[in-house]
Amino acid sequence: MSAFSAIGEEREIDRDEYTPDIEPQPTWCPGCGDFGVLKALKGALPEVGRTPEETLLVTGIGCSGKLNSYLDSYGFHTIHGRSLPVARAAKLANPGVEVIAAGGDGDGYGIGGNHFMHTARENHDMTYVVFNNEIFGLTKGQTSPTSPKGHKSKTQPHGSAKTPIRPLSLSLTSGASFVARTAAVNPNQAQRILKEAMEHDGFAHIDFLTQCPTWNKDAKQYVPYTDINESEDYDFDPTNRADAQELMRETEDKLYEGEVLTGVYYRDDDRPSYQQEKQNLGEMPDEPLAERYFDGDYEWERSYDRFIDKHK
Amino acid sequence: MSDDELIWRIAGGSGDGIASTSQNFAKALMRSGLHVFTHRHYPSRIRGGHTYVEVRASADPVKSRGDGYNFLLALGDSFARNPQEEAYYGNEEVKPLEENLDELREGGVIVYDSGLLDASEIPDFEERVEENDWHVYDIDLRSLAREQGREVMRNTAGVGVTCAITGIPLGAIEELMRDAMPEKILEPNVEIMQTGYDLVREEYDVDAAEVSVPTGEHDEEQVLMSGSDAIAYGAIDEGCRFIAGYPMTPWTEVFTIMSQNLPELGGISEQVEDEIAAAALAIGASHMGVKAMSGSSGGGFALMGEPLGLAEMTETPLVLIEAMRAGPSTGMPTKPEQADLEHVLYTSQGDSQRVVLAPGTVAEAYEASRRAFQLAYEYQIPTMIIYDQKLSGELTNVPASHFDREPNPDIGATLTEDELADQPHTADGKFHRFQHEGEDGVSPRSVPGQKGGRFLATGNEHNPAGHISEDPDNRVAQMDRRQRKLDAIRADLDDDGLLVEYGPEDAEYGVLTFGSQQGTVEEAVDRLNENGHSVKALTVAELAPYPADAVRAFLDSVEEALVVEMNASAQFRGLTQKELGTHGELLSSLLKYNGNPFEPAEIVEGFTTKLVDDGELPGNETKFVPAAGD
Ligand SMILES: Cc1ncc(C[n+]2csc(CCOP(=O)(O)OP(=O)(O)O)c2C)c(N)n1
Ligand code: SF4
Ligand SMILES: [Mg+2]
């Protein structure tokens, strides 16, 4: 019998279960795009049938990192840039838990960029939401890896000399098996994409455009937007890697020209997840490792029996 | 020359098979009933560069490398670069012979491979041989091996020669080769060893050399192990089934042993992108209820600083290994030093809330590893084991029974779903994971996936349900509770800890040391007492929380104490003075940081010079530093 009875429980789930009672109330600024992520997540989780106690939301540091303060589930608010390695191991330790990682553009594409690349490469079965507001929100508006070239801030008084990072292309190149962009101003699409991402068996990366009206007034509110999966202007197959690559580039360029393209850009449903790869190699147990520590009947092997002879 | 011990040094180039040959040799001597201890010296290079391993064997227990040695097998460096004397790195080809002469005792034996080494290139070689009464056997081991078809088996030929001179029966070595080698290479090896043996027996005067192997007997079965083996086995017996890491010498040893065995034990090993990730993964796995570890050496551990603080603040059980090597920066990657003490005690922002253990011996490394997991999981606190290349690379015999123990997979203060139901929750059902109260400062945890256990773990200060809180009263309550764990841990360790006092209880003087210097210090203490001095030693294996009472009692009982450690800034003495706040005027330091561990004689000399004669040290290998009180 499982020591984790919340896992796999079949029941109706009300989206309000994810909302804490009175406290803590979100402290995001009025009009902040981060509200959109919270709302979309609360909508998507019941749709995929995951209860608060079988869900672990791991965040980094930033305005975005507060997400799990306002979503009632198991949560781990880690340190700046490190949500992915914590989340990855959590999933390996107990694959039955729905693991979602989230953080800002600075958190995920800057300080945690190395983890982003490697988590995508390994194709861990989890969803990763990057709140892309093209700015460092929590530290009061410094230039971030996604800020446009020429972007002025207190720490870049003459404007940024750097070309922004290409989050979608980077994700695809690194090996993510599901890559999407959505926007806070587009709640229905956001919820739909989040649901698809969670249902996907592999690393699902969502670049989530979240406007920051406080520090990034220049940036658009990300309206109007075009959904590349629905628009008649785009005849697009997200399972085609070459097409995805081309459209990602176009999307990344157009954002800075004021045109917002969103949608699911790429998905590879055939690629095995990292857990599956490891299990195929005999490097990961079939039963969740976490269960073993609650199983009084498990026979733990002694080092003495395994090793002592070769030292004699 | 002491007859009662053989200290055999096999020297060559990295990649010449020195390590495996010496390991077989040591094991054969152990099986014959002797106590053995190995000391390894190697460069940070894959091919070439002078390396040696010393095997010390005696009928009595040996705890340390010896002072010098009495038998040299110099193979020559077959991967030597630029073998000219004017070269920047000198003539590497003759280094295995030349560089080992200084420490060879009078009357000692030299066997060298004249097929690779030209002794005439070593200045004053003949004169030194005469002066020191060394017995030299120049044998073309290379040709001897080549004639049997395998030039690389020069080392085996050298072992055959060693056996002929010292009287070790070939059968003992052969038996081990049979265990370790595939058939194809076994036969030529055995033949080459025999040829070397016969050649010496037939053509040389073996009785001229007064070095022979002692005989001894063990009263129980022994195993040959390193500190790295012992740490890994301790972890496995505590039910650790998750490791994440990134290679770095010498930590790689523990990481490798675990990675090679965890899959078969139904565990998981992850080699990841960097050490920040490694520590973060261990935290993630532990958060889910799994016993997890990570580790590194100094540089990688520096990267773990922030995750380490996260584990402190979120009270996530975590075991980290720090295998020290000579720093700063890349330093001397393969050389031992104890200079990361302060790094491990204090790295990461805020007040440290962690346990730091430093085992002194191979047997204690197993103990410390088990203890680290127990403390980490019972008290929900990161626990570090610091050790160094000395303990990781040294092999020594330990009674097999020491490891004949039951496993302990207990995950400490973790609740089951049934227990969770009776715990306090917020109105909307969040579990009070971080209650202000809690026995010994421990507030039991839940694990994701459990019903009734949801909470937020955060690196921010937080209230009982885990929510971010900057309320002053809550802050103080949480901080005090976390600190309280350290008192409880201290009390636990006071009852049953890893401190080792050695020597006559009523001794006049003391030697204080920590970690891997234990055996060397104890051997020095024996010699000093034999020479009419009155000395005892205390080896501290628990550095945080610091055993202030025990150290104070020890210092109260002596006139003066010498603090022995392998670093340049007397970190352990500084810690002791900070923790005690007294006794500073009693302490002075004997330091060594040239990349080689202390020899017992250096401690004997340091002790007599400083505490008895109040003089100065002659050489530049070790150094005195007066304490603040002086
Ligand atoms: C190691 C470290 N460096 C710097 C900081 C300070 N810091 C906190 S959040 C942040 C950037 C936030 O930007 P982003 O990740 O885009 O998140 P946002 O606030 O925009 O959601 C920085 C630099 C920190 N907490 N830790
Ligand atoms: S600063 Fe920007 S990102 Fe942060 S809460 Fe305010 S609007 Fe949102
Ligand atoms: Mg941002």
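A salt bridge here is a side-chain nitrogen of Lys or Arg within 4 Å of a carboxyl oxygen of Asp or Glu. By that rule, the count over all chains is 65 salt bridges.

Before I go on, two notes on the model. It is predicted, so local features need pLDDT of at least 70 and side-chain atom pairs count only at pLDDT 80 or more, while totals for chains, interfaces and linings use all residues. Residues are numbered from 1 along each chain as its sequence is written, chains are lettered from A and ligands numbered from 1 in the order in which they are written, and side-chain values use heavy atoms, with hydrogens and water left out.

Let me start with a bridge between chains. D72(A) and K430(B) meet through their side chains at 3.3 Å, N to O. D72(A) sits in the loop between β1 (55–59) and β2 (74–77) of chain A, and K430(B) in the loop between α16 (417–421) and β15 (456–458) of chain B. Helices (H or I, at least four residues) and strands (E, at least two) are DSSP runs, numbered from the N terminus. Are these two residues buried or exposed? Both D72(A) and K430(B) are buried. Buried means under 20% relative accessible area, exposed over 50%, and partly exposed in between, with a 1.4 Å probe and protein chains only.

Next, a bridge inside one helix. D549(B) pairs with R552(B), their closest N and O atoms being 3.4 Å apart. Both lie in helix α19 (residues 548–556) of chain B, three residues apart, about one turn of the helix. D549(B) is exposed, with a relative accessible area of 54%, and R552(B) is partly exposed at 27%.

A further pair is E579(B) and K578(B), with closest N and O atoms 3.9 Å apart. E579(B) is partly exposed at 32% relative accessibility, whereas K578(B) is exposed at 54%. In chain A, salt bridges that share partners join R192(A), E196(A), D227(A), E230(A), R267(A) and D269(A) into one network.

D105(A) lies in helix α3 (residues 105–111) and I135(A) in the loop between β4 (126–132) and α5 (167–174), so the pair ties together parts that are 30 residues apart in sequence. D105(A) is buried at 1% relative accessible area, and I135(A) is buried at 2%.
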